[in-house]
Amino acid sequence: MPGRELTTIPFSTAAMRASLLRLEGEWETVQASRGRDAIYGYLTAVFELVSWWAQEGKAITRAGRALHLRGYHSDREPEPFAAIILCTADRDKVDDRTRSKWSRALRYAAEYKDLDERSRDFIQRKGGINECAARFARLGGRQRSLF
Amino acid sequence: MPMQATILKIAMPLLMDTILTEYADQAFETARLRRNRVHTTPDLVSAEMLVELEASGDAMRFVDGEGRVAWKATPRLCDHLKDLERDAQDDLEDV
């Protein structure tokens, strides 16, 4: 766009904190709800956050920053969806297996969902969280890295 | 403004939803009225505003239907605005 003053905006630590806080709020909403589908609100929020990080090619480094902010330390490269779930959902209620399953379902959506389809609709259309996680697992190493 | 130094120029316009666009228009008008030989542009004012709103949890980025990173008001800000609107409506009915 010639002649126009154009800008990019840094993602500050305060913005990271606010983002994690927002997702914790979404998690609390899930906990307070009796609805079976309430989890989709939380997973959608996780998906949205990681998606724009990935769009900027910074999902892994920002997931690392989020883990660091929450006091988690690991030498391994974080998987962004799992990292954000670890940072924002109650660890007593979401065990490693569940976190891994949700992360696989979200990675499947990130890979195959159309941009203009809601992640909730996509996951439900594909048979639900368990089925999307299973589909992702069946793909093995064939899917490209999104991050 | 200290944040201004960290905002870099790139070849991409800022995409915002209706609420944030209104906020940005207001912020630019305020900046324009207050400016004192300081050159400013709508994009720069919007960027500074978005930095603040994101840090306070009132704005968030997302990937839009065309694969671009855009900005929208968070559910918290939307709820707050709805509450204000409801209060204003109640006040009107009380008159």
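A residue counts here as buried if 20 or more other C-beta atoms lie within 10 Å of its own, as exposed if 12 or fewer do, and as partly exposed in between, with C-beta atoms placed from the backbone. Helices (H or I, at least four residues) and strands (E, at least two) are DSSP runs, numbered from the N terminus.

This is a predicted model, in which local features need pLDDT of at least 70 and side-chain atom pairs count only at pLDDT 80 or more, while totals for chains, interfaces and linings use all residues. Residues are numbered from 1 along each chain as its sequence is written, and chains are lettered from A and ligands numbered from 1 in the order in which they are written.

**Stop 1: a covered helix**

Let's start in chain A. Select residues 80-88, which form helix α4, a mostly covered element with nine of its nine residues buried. Colour them if you like: A:P80, A:F81, A:A82, A:A83, A:I84, A:I85, A:L86, A:C87 and A:T88. Now show what lies over them: the cover includes α1, α2, α3 (59-69) and α5 (96-112) of chain A.

**Stop 2: the largest core**

Keep A:I84 in view. A nonpolar core is a set of buried Ala, Val, Leu, Ile, Met, Phe, Trp, Tyr and Cys residues joined through C-beta atoms within 7 Å. The largest one has 37 residues, and A:I84 is among those with the most contacts inside it, along with A:V46, A:V50, A:A105 and A:L106. Two or more residues come from each of α1, α2, α3, α4, α5 and α7 (129-139) of chain A. The biggest share, eleven residues, is from α2(A).

Next, centre on A:V46. Two residues are in contact if their C-beta atoms, placed from the backbone, lie within 7 Å. Leaving aside residues up to four places away in sequence, A:V46 touches A:L23, A:F81, A:I84, A:I85 and A:L106. A second, separate core of 16 residues includes A:I9, B:Y23, B:A47 and B:M49.

**Stop 3**

Select residues 13-32 and 39-55 of chain A, helices α1 and α2, whose axes come within 8 Å and cross at roughly 165 degrees. (Axes are lines fitted to C-alpha atoms, for helices over the stretch in contact, and angles run from 0 to 180 degrees between N-to-C directions.) The two helices are therefore roughly antiparallel; angles under 35 degrees count as roughly parallel, over 145 as roughly antiparallel, 65 to 115 as roughly perpendicular and the rest as oblique. Residues making this contact include A:L23 and A:W27 of α1(A) and A:Y42 and A:V46 of α2(A).

**Stop 4: over to chain B**

Chain B has three helices and two strands, arranged along the sequence as α-α-β-β-α. Of its 95 residues, 24% are buried.

Finish at B:A55, in helix α2 (residues 42-55) of chain B. Is B:A55 buried or partly exposed? With 19 other C-beta atoms within 10 Å, B:A55 is partly exposed. Show its neighbours in chain A: not counting residues up to four places away in sequence, B:A55 touches A:S12, A:A14, A:A15 and A:A18.
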